[in-house]
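The sequence and model are shown first.

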Amino acid sequence: MLKMGVVGMGIGGSHGARIHKSDLGELAAICDKDGAKLKWRLETYAREIGCRPHGYEDFQEMLTREDLDGVVISTPSGTHHELAVTAARHGVHMLVDKPLDVTVENIDVIDQAVSQAGVLCGVNYQMRFRPGYCAVKKAMDAGEFGRLLMVDVRLKWFRDQAYYDRGGWRGTWAMDGGGSLMNQGAHPMDLLVWFAGRPTKVRGDFGALNHKIETEDWAAGIIEFESGVRSVVSTTTNVTLGEEVGKGRDRIWLEVHGTKGSAFLIDDEVVETNIEWLTRPPRPEFDSPVEDFMAAIRDKRPPAVTVEQGRWSVQLITAVYESARRNQTITL
Ligand SMILES: NC(=O)c1ccc[n+]([C@@H]2O[C@H](COP(=O)([O-])OP(=O)(O)OC[C@H]3O[C@@H](n4cnc5c(N)ncnc54)[C@H](O)[C@@H]3O)[C@@H](O)[C@H]2O)c1
């Protein structure tokens, strides 16, 4: 059993529960600098899942006291590089929540630290483990789409103002690195780089249409990849539905087109395609990046999403913002 830790007890709380339920590792320790949140999480774990990890308010102290094999970093996005460097100095493998960080420069800091320490670093993009998206990727690799031409994405989600006001970091350039594209859109942008590879040219636009935030709640980009694939993407956190105003219904439309066929997906469900076996997606080997990460440590192999691919999606996203600011196409 691997000895695992998690830092950041927002969404990180659910990563800890996954570790506890898995037979690959035990949740040995958790950390949050907010003492009240840490206490609440420790009590909830004990009561709901019978899990009793050691609790720390200081990340450095957790790494010094516990002999961890791996840690999941789930703190605000712009802090990821600081915690990643600390984990690397302690020789601990890490799975970093999405996005890997909010700038390419910060990601280079992570890259250097993990390379020097010889530890694994994966990025927590769970959409890669959804059966529908896995099937699309397998079909691409098997040549079922022919030559890939276009992959288009529309992410239409809803987040209220209270969401952005909570925690004091969402919707800020420094810690969220953007808005609907960097935070929510990071997921489908990861699918894009998984499917189409390295982005090379980006044109973009963005704006804050209905939230009081520094960054954006609407963004759009036109992207060209080294592979020749073209993408049109848009993301927003403004979409509500009639009587459900304020509730929203989060949906992602993904459309994949090659010389031999197409697939139209709503979330990870294939709603139309001419590729027969896409309608019966195979089950992925792991349920989430957390299980994959533990298996990667055990098997001494790279995790599903590497630093290189984590960098590509952030490069693409920051280039959309940069293109809009400069009103010109950005070549990467
Ligand atoms: N994979 C997903 O689907 C998914 C979903 C939500 C959030 N996220 C990502 O997870 C990260 C956290 O998001 P969240 O929504 O949980 O935020 P959150 O604000 O709810 O929780 C972050 C926690 O980290 C703690 N923290 C901050 N700095 C710390 C430090 N130096 N040491 C210890 N604890 C520290 C805070 O006290 C807070 O409790 C972000 O990068 C976000 O993009 C991923």
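## Ligand surroundings

The ligand has 23 residues around it, and those that come nearest are Ile11, Asp32, Lys98, Gln126 and Arg170; a residue counts here if one of its heavy atoms lies within 4 Å. The model is predicted: local features need pLDDT of at least 70 and side-chain atom pairs pLDDT 80 or more, while totals for chains, interfaces and linings use all residues. Residues are numbered from 1 along each chain as its sequence is written, and side-chain values use heavy atoms, leaving out hydrogens and water.

Polar contacts are pairs of N or O atoms within 3.5 Å. The side chain of aspartate 97 has an N or O atom 3.0 Å from a nitrogen atom of the ligand. For tryptophan 169, a side-chain N or O atom is 2.9 Å from a ligand oxygen atom, and for arginine 170 a polar side-chain atom lies 2.8 Å from an oxygen atom of the ligand. On its own the ligand has 840 Å² of accessible area, of which the protein covers 84% (Shrake-Rupley method, 1.4 Å probe).

## Helices α5 and α11

Helices are DSSP runs of H or I with at least four residues, and strands are runs of E with at least two, numbered from the N terminus. Helix α5 (residues 104-117) packs against helix α11 (residues 307-326) at about 170°, with the axes 10 Å apart; axes are lines fitted to C-alpha atoms over the stretch in contact, and angles run from 0 to 180 degrees between N-to-C directions. The two helices are therefore roughly antiparallel, a label for angles over 145 degrees.

## Backbone features

The peptide bond from lysine 98 to proline 99 is cis, with omega near -20°. Proline 99 sits in the loop between β5 (93-97) and α5.

Terms used: Angles under 35 degrees count as roughly parallel, over 145 as roughly antiparallel, 65 to 115 as roughly perpendicular and the rest as oblique. A polar contact is a pair of N or O atoms within 3.5 Å; within protein, one must be able to donate a hydrogen and the other to accept it, and residues adjacent in sequence count only if both atoms are side-chain atoms.
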